[in-house]
Amino acid sequence: MHLQWTSWLTLAVLCMYVWNVMTVGRLRMKLGVKAPAMDGPPEFLRAIRVQTNTVEQMVFFFPALWLCAIWASDILAASLGVVWLVGRIMYALAYLDEAGKRSTGFLISSLAAVALSLGTVAGLTGVMK
């Protein structure tokens, strides 16, 4: 079993998360928010929320991604994973700009995660053979 596409996508998602972490760190320095403080200017708070929400979403996303890859299809899982990743990037960029703009990216990534779960169910039940 070679799940190369899902593996590449996993690395891309981890790179996106590192970008989130670096954004928070950069804003800590720029705005003078000393660790372990989690409060500060709105710009910093939005970055923290992007990072935190991304971790929260990854808890659901990674198992759904890998189960879909194993039980349904590596290409399907990676393709839906790309959709999830694009949605998360849209979410992050929009939220960093203005909190009220985050909904579209959130919706795209959430639907992709649900689709991964449905792909897993389809593979487990034999619908995707």
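S117 sits in helix α4 of this predicted model. With a relative accessibility of 25%, S117 is classed as partly exposed, because the buried class ends under 20%. Beyond its neighbours within four places in sequence, S117 makes contact with F60 and A64. The C-alpha atom of S117 lies 7.7 Å from that of L65, although 52 residues separate the two along the chain.

**Helix α4**

Helix α4 covers residues 103-125. Its 23 residues should span 33 Å at 1.5 Å a residue, and the C-alpha atoms at its ends are 33 Å apart, so expectation and model agree. The buried residues of α4 are G105, S109, A112, A113, L116, G119, T120, A122 and G123. An α-helix has 3.6 residues a turn, so residues three or four places apart point the same way. The cover over the buried residues of α4 includes α2 (42-71) and α3.

| Residue | Relative accessibility | Class |
|---|---|---|
| T104 | 47% | partly exposed |
| S109 | 0% | buried |
| S117 | 25% | partly exposed |

Which residues does S109 contact, aside from its neighbours within four places in sequence? They are W84, G87 and R88. S109 has 0% relative accessibility and therefore counts as buried. T104 also belongs to helix α4, but its 47% relative accessibility makes it partly exposed, because the exposed class requires over 50%. Just after α4, G126 adopts a positive phi of about 85°. Most residues other than glycine have a negative phi, and most peptide bonds are trans.

**Nonpolar cores**

The largest nonpolar core has 18 residues, of which V13, F61, L65, W84 and L116 touch the most other members. Helices α1, α2, α3 and α4 are the elements that each give two or more residues to this core. The greatest contribution to this core is that of α2, with 7 residues. Apart from this core lies another, made of 6 residues, among them V24, V33, A47 and I48. In soluble globular proteins, nonpolar side chains tend to be buried together.

L116 of α4 is one of the buried residues of that helix. Not counting residues up to four places away in sequence, L116 touches F61, A64, L65, C68, A77 and L80.

**Surface patch**

Which residues make up the nonpolar patch on the surface? The patch consists of W5, W8, L11, L14 and I75, and together these have about 560 Å² of accessible area. Helix α1 (residues 4-31) gives the most to the patch, with 4 residues. I75 belongs to helix α3, which runs over residues 74-97.

**The loop between α1 and α2**

P36 lies in the loop that joins α1 and α2. Is the peptide bond from A35 to P36 cis or trans? The bond is cis, with omega near 10°.

Definitions and conventions: Residues are numbered from 1 along each chain as its sequence is written. This is a predicted model: local features need pLDDT of at least 70, side-chain atom pairs count only at pLDDT 80 or more; totals for chains, interfaces and linings use all residues. Side-chain values use heavy atoms; hydrogens and water are left out. Buried means under 20% relative accessible area, exposed over 50%, partly exposed in between (1.4 Å probe, protein chains only). Contact means heavy atoms within 4.5 Å. Patches are made of residues with over 30% relative accessible area and no salt bridge: like charges are joined within 9 Å, nonpolar side chains (Val, Leu, Ile, Met, Phe, Trp, Tyr) within 5 Å. Accessible areas come from the Shrake-Rupley method with a 1.4 Å probe; for residues, only the protein chains shown count as cover. A salt bridge is a side-chain nitrogen of Lys or Arg within 4 Å of a carboxyl oxygen of Asp or Glu. The expected span of a helix is 1.5 Å times one less than its number of residues. A nonpolar core is a set of buried Ala, Val, Leu, Ile, Met, Phe, Trp, Tyr and Cys residues joined through side-chain atoms within 4.5 Å.
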